[in-house]
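Take the model below one contact at a time.

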Amino acid sequence: MSARPQRSAALIFCQAVLALQAFAALFAVLVLWGLDRAGEVSLPGALLWGGGLGLVVAFGYAAGQQAKPWGRWLGWALQVPMLVAGFIEPTIAIIGACFLLTWIVGVRLGTRIDRERAERDAAAEAAGASSEPASGGEPA
């Protein structure tokens, strides 16, 4: 039985950040709904629930699409709405900025880990190839 190939660290990090950000967006919608009911902010219900839950679904979808070439760009684009929501409630922008920093670290660190894994695997393969007998025959 052969070992499964190791998953990309960048893929795992990006999926985790976007999945957690989906939950944060859901909680932000609930906070805005509560503030709307208390009269602190005034938002149309369709915008609040439609846009908010649409954003939650978009984060979940983006988490699942990170293995595709355009998935990373979708993840970058979805960082913007959490920051823009700061015009409605500033604490959402603070949370969005924290997720943006986490996203940047995940992308950079995951890419570096993947690059170092590839280098290590190439070095191990080269070392394994050089330890084989050069004559190709059986040992004497």
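Asp-121 is partly exposed, at 46% relative accessibility. Here buried means under 20% relative accessible area, exposed over 50%, and partly exposed in between, with a 1.4 Å probe and protein chains only. Asp-121 forms a salt bridge with Arg-120, and their closest N and O atoms are 3.9 Å apart. A salt bridge needs a side-chain nitrogen of Lys or Arg within 4 Å of a carboxyl oxygen of Asp or Glu.

This is a predicted model: local features need pLDDT of at least 70, side-chain atom pairs count only at pLDDT 80 or more, and totals for chains, interfaces and linings use all residues. Residues are numbered from 1 along each chain as its sequence is written, and side-chain values use heavy atoms, with hydrogens and water left out.

The structure holds two salt bridges. Arg-117 and Asp-114 also meet in one, at 3.9 Å from N to O. These two residues sit three apart in helix 5 (residues 90-130), so about one helical turn separates them. Helices are DSSP runs (H or I, at least four residues), numbered from the N terminus. Asp-114 is partly exposed, at 22% relative accessibility. Side chains of opposite charge can pair when their charged atoms come close.

Now the rings. The whole structure has three aromatic pairs. One of them joins Trp-76 and Trp-103 edge-to-face, with 5.9 Å between centres and 90° between planes. Trp-76 belongs to helix 3 (residues 71-77) and Trp-103 to helix 5, so the pair ties together parts 27 residues apart in sequence. Rings of Phe, Tyr and Trp (its six-membered ring) pair if their centres lie within 6.5 Å; planes under 30 degrees apart count as stacked, over 60 as edge-to-face, and the rest as tilted.

Last, the space. The largest pocket holds about 270 Å³. Its lining has 16 residues, and Leu-32, Gly-52, Leu-55, Ala-85 and Ile-88 are the closest to its centre. Helix 1 (9-38), helix 2 (45-64) and helix 4 (79-84) each give two or more residues to this lining. Helix 2 gives the most, with five. A pocket is an open set of points on a 1 Å grid over the protein atoms alone, where a 1.4 Å probe fits, with protein on both sides within 12 Å along at least five of seven lines; lining residues have an atom within 4 Å of a point. The lining divides into 14 nonpolar residues, two polar and no charged.

Key
Points joined across faces, edges and corners; volume = space filled by probe spheres on them. Nonpolar A, V, L, I, M, F, W, Y, C, P; charged D, E, K, R; others polar.
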